[in-house]
Amino acid sequence: MAGGEQQSRIGVTYEEYTIEDIRLIILRALADEDNGTMHDGRLEFELRRFGYNKTRDFIRNQLLWLQDEVGAVRTSEAGSVMIATLRKAGRAHVDRARFLPGVKRPSDVD
């Protein structure tokens, strides 16, 4: 492969696949909360549960992407933390009602 990039599926690099997976984990974590809200420190913990050791800057960039590019979350800041709240588009993705580009699709439920 050109540039030594690994590909997990046709046309998607391993890095792209990883970022899409992280975005899905973020949306699922928010969906599991009663109020659909979580701060970046809690999301950092959630990502570690799945083997992703990412910085808060990385997480914040993903939250801003989810807000600005696909409207899946709304962000705000409180002191030194970023707070994310799930929006309808994010819930629809997690519920498999409508899929968002750039976010891994949830697995089928058996």
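The questions and answers below concern a predicted model.

Reader: Are helices H1 and H3 roughly parallel or roughly perpendicular to each other?
Author: Helix H1 covers residues 14-32 and helix H3 residues 56-68. They pack with their axes 11 Å apart, at an angle of about 80 degrees. Angles of 65 to 115 degrees count as roughly perpendicular. H1 and H3 are therefore roughly perpendicular.

Reader: Which residues in H3 meet H1?
Author: H1 contributes Ile 19, Ile 22, Arg 23, Ile 26 and Leu 27 to this contact. By class, the contact has 8 nonpolar, 1 polar and 1 charged residues.

Reader: Which strands stand at the edges of the open sheet?
Author: The sheet has 3 strands in the order E3-E5-E4, with antiparallel pairing. Each edge strand has a single partner strand, so one side of each is left without a neighbour in the sheet. The strands at the edges are E3 (37-39) and E4 (73-78).

Reader: What is the bridge partner of Arg 74 in E5?
Author: E4 and E5 (residues 81-86) run antiparallel and are joined by 6 bridges. In E5, Arg 74 has as its bridge partner Thr 85.

Reader: Where does the largest share of the lining of the largest pocket come from?
Author: The largest pocket has a volume of about 190 Å³ and is lined by 16 residues. The lining divides into 6 nonpolar, 1 polar and 9 charged residues. H1 and H2 (40-49) each supply at least two of the lining residues. The largest share, 6 residues, comes from H1.

Technical notes. Residues are numbered from 1 along each chain as its sequence is written. This is a predicted model: local features need pLDDT of at least 70, side-chain atom pairs count only at pLDDT 80 or more; totals for chains, interfaces and linings use all residues. Side-chain values use heavy atoms; hydrogens and water are left out. Axes are lines fitted to C-alpha atoms, for helices over the stretch in contact, and angles run from 0 to 180 degrees between N-to-C directions. Helices (H or I, at least four residues) and strands (E, at least two) are DSSP runs, numbered from the N terminus. Angles under 35 degrees count as roughly parallel, over 145 as roughly antiparallel, 65 to 115 as roughly perpendicular and the rest as oblique. Contact means heavy atoms within 4.5 Å. Ala, Val, Leu, Ile, Met, Phe, Trp, Tyr, Cys and Pro count as nonpolar, Asp, Glu, Lys and Arg as charged, and the others, Gly among them, as polar. On a 1 Å grid over the protein atoms alone, a cavity is a set of points where a 1.4 Å probe fits but cannot get out, and a pocket is an open set with protein on both sides within 12 Å along at least five of seven lines; lining residues have an atom within 4 Å of a point. Grid points are joined across faces, edges and corners, and a volume is the space filled by probe spheres set on the points. Two strands pair if DSSP finds at least two bridges between them.
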